[in-house]
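Hi everyone, thanks for making the time.

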Amino acid sequence: MNKLRAILKRLCGTLFRMPAGDDFDEELEAHLALDTERGMRGGLTREEARRQALMRLGGAEQVRNAYRERQVLPWLESLLRDLRYSARSLARHPAVTAVAVLSIGLGVGANTTIFSMVSRFVLQPAPVGDPGTLLALHIMQKSEHCCNPFPWPLFADLRRQAHSFSDMAAYYELIPASISGGGEPERVWGQGVTPNFFRVTEVPMVLGSGFADSDDRIPVVVLSERLWRRRFNSDRGIIGKNVTLSGHSFTVTGIAPAALHSIDQILDAEFWVPLGLTPELVPNLPPHDSREYHWLAVVGRLRPGVPRAQVTAELNVLAQRFAAAYPKTDQDNHFVFEQAGSLPPRERGPVLLFLSALSLVVVLLLVIAGANVTSLLFAQAVSRQREMSVRLALGATRGRLRRLVLMESVLLSLAGGATGVLLSLWATQALSAFHLPAPVPLDLHIGIDVRTLVYTFLLSVTCGLLLGLAPAWAAARPVMTNALKGEAAIVRIGRRISLRSLLVTAQVAISLVLLCITGLFLRSLQSAASINIGFQTRGLLLLSIDPRLHGYTPAQTSAMLRQLRQRVAALPGVDDVVCTDVALLSGGNRSDGFTVSGHSSKGEPYIITDLYMATPGYFDALGMPRLAGRDFGGETPNGPRTAIVNRAFVDRLFGGANPIGQHVAGGGWTYEIIGVVGNAKSRTVGEDTRPILYRSLDQTVADDPSLMGYTLVVHTPGNPGDLADSVRRQVYAIDPAMAIYNQETMQEHVRRAFVLPRVAAMLFGVFGGIGLVLATVGLYGVMSFAVSRRTREIGIRMAMGAQPGAVKRLVMRQGMMLTLAALVLGWPAAWMLAKLASSFLYGIAPHDTLTFAIVPIVLAAVALIACWIPGRRAASINPMDALRAE
Amino acid sequence: MGDKTDVWQGTLALMVLRTLETMGPQHGYGLARRIEQTSGDLLELNYGTLYPALLKLEQEGYIRSRWGASENNRRAKFYELTRAGQKQLRKAAREWEQTTEILARFLNPAGQG
């Protein structure tokens, strides 16, 4: 404690230079005076007494120095002195320093941006109390990939019997609800949770409390801080008041922190209601007594000190026990778990692969940037060899010189790191603005958190040390005799391949790799843009409502949608209005297994089919070709069910035979096929064509209502965006409290479906571009430097009769040899790495011929320019000036 | 002169604290003289080493200083013990006694002591 205090005092002494020196001089003077007086009392002369006093003291100057060293931290002081010196020497070459800082800034910024994604999706623990002991549990079935949610009885059994956990909570992941009051009516999403949810997760409330264990059937709600701020104006008196969700009244008991979106950190929920009341908000919820429907996400709080291995063992035992007790449903189950808030098991693989690929790319980028800086530092070291030699001759140690150069590179890196953080602040904001195409709300916001800042700081310091190492070594070992004569002292005579040439070769090689990958992703975007999505996008306006959330019965919903279609159809400029549940390319929708009805024997084809609802005219409005049969028309809600299927469905289930009039069964219903339409992309642009079955909207609203609401599709020959306001007015004319959401033109909607190839192309495009610029700067720098070092030699050559053209060729040949070597090294590396990217490419092979042919040519062309400029400068050297200059 | 002993590392601080405890506030020169006298002039104290030691103790908060007038009305800096210094003195003294006791056992073989 007291030692620390002393260090702090000395730190202050170092940093603020207290005027204590004078103070001590006076004290010392007093001491000497007292001692002199004593000597004089003993009979000595004043001079002799003072001389002896000084001897006893051990020399005034020595004492002063010892005292001063004790006042400050000497090592820190010399460090600061070096720092000041380094900063000054960097400031002497502002252009070089700026290029170095910007290079590192771009490299570090790219790394910071990607690390912020890693931090957000891999490292960030869930915003719960003690995240390390909260586990998310899943069911894994032997025959299937990971992972399934839980049926209620299984959750209840597990909660009762698993002793590794102090308690478990379950939640239903997403509930849509309408909310009104305080602005336009809005659709919001929430979760249905067991009442112990907030106790188990230990989420601290901003206001109020969570749920009591007896709350399961009581209409209470916890609101997210975000919803509370947006719609309730941060009203601190809201606890105990009622809010209306989908027409039902709920009492607010707590406000959950804004950081809580969902335990899985992907879904974006804004309210939580007890699971027991969820059926009021969601139709057709699985019954609590069924062991067949998997619908609940489960988290468990570990008992203190229970190791993970014990949890695995206990869950295995329980799985076997359940399998024996319920062979029909639990036979092939076993349980897996991970820390709550980790990436969902299903997405983990691709996300990790994508992040690793990006990490690799940004590390390569940093290597390119670092090579530039090392190169610059080398050039600096060369131009300072004389200064270094003088210092050495005057007695500076090599260690001290090394420290000076290292200090400079660390300083450069730290400045670069700061630049990088600024760049990535902007980049993460830009990335967060992209929205994934998904029918449910996702929270994918990324930002710069403390973890990322620490990482960036460490990265910058490491970079600085690594980059400065070689130049520091070289700078501290000048060939003294040469240096003092003013000749080359660091570039050793007789060494053919300099380190800088190696660096620049590596740079160009790496940037070839980056550019090839960039090329692949750009080609992928181009190829994605030419994918036939199966419907037209022009002149279409989309707008969604969900009357069910406002208390409409199925019949009322049907009638309301029909009335709305009629009203909108009457608007000027509208030539077609149809309705579906969810627009195509929304990222996913209902799907079910289908078979040809009547053939229930085993071995019969069974295909997973995406289900959509449609009203008459839907296919014509979207410009989808009707290939056989007829369109919907005249279906009654309780009449025989009809369906229109796409060609893929026919191919897969009927082997291409005419299916009109045939019956197919799936999801508990049998449908008569009345028509066939062309294929369309259902969930994502990149998917293989899926079988789709379109059902009559009026026949489906009652038994299988859409959780996502219903989407009005309006066709106009004009600009669909202009229609939005008048269509909204028609909705409000029927029901002023109706929440409208997902309002966009079909072109906007489809553009969002391309977000993945676009983001990938953008990221890699930016990285590839930066890499190219940095490598070009590097090549240019090395060539310019070589020319300036050889000014004298070139001057002699020209004096001896060399033509300017020959000189230019001499320089350019040197540069192009480096480039050629780099291309020869980089091309196979790019070829191998391209495989890694293959799973993210749309419609092109990873070894795309065009990319691998064009990129080296482009790179060589850029390199040619980078060499041509120094070459021209070499050719314009005036022999007389060159030889005279010393 | 040959009989005098140099001050051992680390013991100077203890001597300073102890002297300040018995004598009350002292200036640097007075302290130096006092330490020499207490040692029966067996110690040869390099006065110069005293001041960094005093600064160290002050930085550690065991003593504090203020300017005052010396016996013959000279301005001098006076040092005095703080409460933390008293505690530290007791602790260091105890440790020192223990050390000497242990060493004494080695130097006086069993039976003789």
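Let's begin with a question: of the 228 residues in the largest nonpolar core, which ones touch the most other members? They are Val221(A), Leu365(A) and Leu512(A). Before I go on, please keep in mind that this is a predicted model.

So, that core. Helix 13 of chain A, residues 345-383, gives the most to it, with 17 residues. And let's stay with Leu512(A) for a moment. If you leave aside its neighbours within four places in sequence, Leu512(A) is in contact with Ala822(A), Leu823(A), Gly826(A), Trp827(A) and Ala830(A), and also with Val855(A), Pro856(A) and Leu859(A).

Next, some helix pairs in chain A. Take helix 18, residues 499-529, and helix 25, residues 755-789: their axes come within 8 Å and cross at roughly 155°. How do they run relative to each other, roughly parallel or roughly antiparallel? An angle over 145 degrees counts as roughly antiparallel, so helix 18 of chain A and helix 25 of chain A are roughly antiparallel to each other. The crossing of helix 18 of chain A past helix 25 of chain A is left-handed. Sort the residues of that contact by class and you get 19 nonpolar, nine polar and two charged.

Here's a second pair. Helix 6 of chain A, residues 94-123, and helix 16 of chain A, residues 450-475, have axes that come within 9 Å and cross at roughly 145°. Helix 6 of chain A passes helix 16 of chain A in a right-handed crossing. On the helix 6 side, the contact includes Ile104(A), Val108(A), Asn111(A) and Phe115(A), and on the helix 16 side, Arg451(A), Tyr455(A), Leu459(A) and Cys463(A) are among those taking part. The residues of this contact divide into seven nonpolar, seven polar and one charged.

Now for some loops in chain A. Ile531(A) is found in the loop between helix 18 and strand 11 of chain A. Is Ile531(A) buried or partly exposed? Partly exposed, with 16 other C-beta atoms within 10 Å. Not counting residues up to four places away in sequence, Ile531(A) touches Val685(A), Tyr842(A) and Gly843(A). Ile531(A) and Ala657(A) are 126 residues apart along the chain, and their C-alpha atoms are separated by 27 Å.

Asp332(A) lies in another loop, between helix 12 and strand 10 of chain A. Asp332(A) is partly exposed, with 14 other C-beta atoms within 10 Å. From Asp332(A) to Gly534(A) you go 202 residues in sequence and 40 Å in space, C-alpha to C-alpha.

Ser246(A) has a positive phi of about 50° although it is not a glycine. You'll find Ser246(A) in the loop between strand 6 and strand 7 of chain A. With 22 other C-beta atoms within 10 Å, Ser246(A) is buried. Gln265(A), also not a glycine, has a positive phi near 65°. Gln265(A) sits in the loop between strand 7 and strand 8 of chain A, and it counts as buried, with 22 C-beta neighbours inside 10 Å.

Okay, over to chain B. What's in it? Chain B has four helices and five strands, and along the sequence they follow the pattern β-α-β-α-β-α-β-β-α. Of the 113 residues of chain B, 27% count as buried. Among contacts in chain B with a separation of 6 or more, 51% come from residues 24 or more positions apart.

And how many residues does each chain bring to the contact between them? It's 18 residues from chain B and 22 residues from chain A. On the chain B side, helix 2, helix 3 and strand 5 each give two or more residues. Helix 3 of chain B has the largest share, seven residues. By class, the chain B side divides into seven nonpolar, six polar and five charged.

Let's finish on helix 3 of chain B. Its buried residues include Tyr47(B), Leu50(B), Tyr51(B), Leu54(B) and Leu57(B). Helix 3 of chain B is followed by Gly61(B), whose phi is positive, near 85°. That's it from me, thanks.

Conventions. Residues are numbered from 1 along each chain as its sequence is written. Chains are lettered from A and ligands numbered from 1 in the order in which they are written. This is a predicted model: local features need pLDDT of at least 70, side-chain atom pairs count only at pLDDT 80 or more; totals for chains, interfaces and linings use all residues. Two residues are in contact if their C-beta atoms, placed from the backbone, lie within 7 Å. Ala, Val, Leu, Ile, Met, Phe, Trp, Tyr, Cys and Pro count as nonpolar, Asp, Glu, Lys and Arg as charged, and the others, Gly among them, as polar. A residue is buried if 20 or more other C-beta atoms lie within 10 Å of its own, exposed if 12 or fewer, and partly exposed in between; C-beta atoms are placed from the backbone. Axes are lines fitted to C-alpha atoms, for helices over the stretch in contact, and angles run from 0 to 180 degrees between N-to-C directions. A crossing is left-handed if the near helix is turned anticlockwise from the far one by less than a right angle, and right-handed if clockwise. A nonpolar core is a set of buried Ala, Val, Leu, Ile, Met, Phe, Trp, Tyr and Cys residues joined through C-beta atoms within 7 Å. Angles under 35 degrees count as roughly parallel, over 145 as roughly antiparallel, 65 to 115 as roughly perpendicular and the rest as oblique.
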